Amino acid sequence: MTEVITNSLQLKADDLQKALALFKERLHMEVDEIGSKSAVVIQGGEALIYLTEERNAKPSTAVQLTTPDCIALYCLLKSKGIVFAQAPTYINEGMVAEFYDAAGNQFLLIEPRNYND
Amino acid sequence: MRYIKELSNRNRIVSENTCKSFYKPSDSSHYTIKFVLSGVEKCIINKREISIFPDSFAMLNTGTDYNSVIDSITPVNTISLSFDTNFVSDFNDAHRLTDNALLDGKSNQSPLFIETLYPFVGDIHYNVMNLKNQLDRGVDNEMLMNEYLYHCLLNYYGVYQKEVVQKLSKLSFTKAKTKEEILKRLAVAKDYINSNYDKNVLLEDISACCCLSVNHLLRTFKEAYGISPYQYLMQLRISRAKYLLKSTDYPLSEIVCLIGFENTSSFIRLFKQTTKMTPAKFRKEHYV
């Protein structure tokens, strides 16, 4: 299972099952489906992301998945077929990589780094 | 315990946790970056001895004759990243040449870096620690290892830019070759201070080891690094005292001795001056 922290608790998707595949099959995270139109991604017993199906939903932008090791998560997702729009690169806050899921949501893998330490 | 991972592109990762070892590479066809995560490793590069501590790393060019020695009561944790010469040449071309020059097939020269100690901080520190974490967990994924190595080399280029290229531009000599030669000698001076910080370091000894007169050394050192060799030594001692305060439970009197101070009260005064708190308070706030 991949440990991530996210800034966005709500994600809308045109196709719920397609959106869930990312969390279930690629990130190996626990997913609890509530009816046929919504689901919750769970981590450590707590709800991390609420997903709802909405026709013609606009894709979300910059959904941040915070990880302690951006390179490791990047390689894991790449090996599971995710195509990255941006390979790990350096920003003032640390390291970031970017990809889009099947529903067009933009995800940012962020590894925060403290350069003042 | 020694872990060696040779990748299909001939890059290599060696991780070791040991109290005693002597290593001399059988072939010198690699560029090697040596990191020490705890303890100290001595490295003899072309008859010059340097000590690598956890706050610095050493870069060794392809073809360099060196050996490394670990002799410690407590285990020393090290990691070495070795890059095949062709890999570094390609990487160097990709990062330094224009697209047109690359298309014309120009260059493919093996770069020669200044073989010295570089600060082990920032992205290179994060990436090496993440790599070490994966090795400790037994991860053996070639794609992942290659990605870490690529990033570590990229990070090294960043460090080189800051520690060499920028320092070269600060030296007030006209000829590029003179600047380079002076910076190489200053790097030797800095390595001498880094490796002997716990002893009574004399300006004359530094001057003799780097083949610069005392006056020349003082002037050029200040030009390149913005501080005098003495100020550099004091900063280094304080920084290593901080490391010992954070990571060990040694009494203060022992730390004062280990970092080469003769007098505890003068150390406390300097520590307070630079960090705005006493060593005891610093340990209380940062002890891991």
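# A tour of the interface and the cavities

Strand S2 of chain B gives the most to the lining of the largest cavity, six residues. The model is predicted, with local features requiring pLDDT of at least 70 and side-chain atom pairs counting only at pLDDT 80 or more, while totals for chains, interfaces and linings use all residues. Residues are numbered from 1 along each chain as its sequence is written, chains are lettered from A in the order in which they are written, and side-chain values use heavy atoms, with hydrogens and water left out.

**First stop: the largest cavity**

Select strand S2 (12-23), strand S3 (30-38) and strand S7 (66-84) of chain B, each of which supplies at least two residues of this lining. Strands here are DSSP runs (E, at least two residues), and helices are runs of H or I of at least four residues, both numbered from the N terminus. A cavity is a set of points on a 1 Å grid over the protein atoms alone where a 1.4 Å probe fits but cannot get out, and its lining residues have an atom within 4 Å of a point. The space inside is about 190 Å³, a volume being the space filled by probe spheres set on the points. Among the 22 lining residues, those closest to the centre are B:Tyr23, B:Thr32, B:Lys34, B:Tyr66 and B:Ser80. The lining comprises four nonpolar, twelve polar and six charged residues. In this classification Ala, Val, Leu, Ile, Met, Phe, Trp, Tyr, Cys and Pro are nonpolar, Asp, Glu, Lys and Arg are charged, and the others, Gly among them, are polar.

**Second stop: the second largest cavity**

Next, select strand S8 (117-119), helix H4 (142-170) and helix H5 (176-196) of chain B, each supplying at least two lining residues. This cavity has a volume of about 70 Å³. Its lining includes B:Ile114, B:Leu117, B:Val164, B:Leu183 and B:Tyr225, and divides into eight nonpolar, one polar and two charged residues.

Show both chains: 15 residues of chain A are in contact with 13 residues of chain B, contact meaning heavy atoms within 4.5 Å. Select A:Arg113 and B:Asp123, whose side chains meet in a salt bridge (2.7 Å, N to O). The term denotes a side-chain nitrogen of Lys or Arg within 4 Å of a carboxyl oxygen of Asp or Glu. Finally, select helix H2 (70-79) and strand S7 (84-91) of chain A, the elements that give two or more residues to the side touching chain B. The largest share of that side, six residues, comes from helix H2 of chain A.

Definitions and conventions
1 Å grid on protein atoms, 1.4 Å probe; cavity = no way out; pocket = protein on both sides within 12 Å on 5 of 7 lines; lining within 4 Å.
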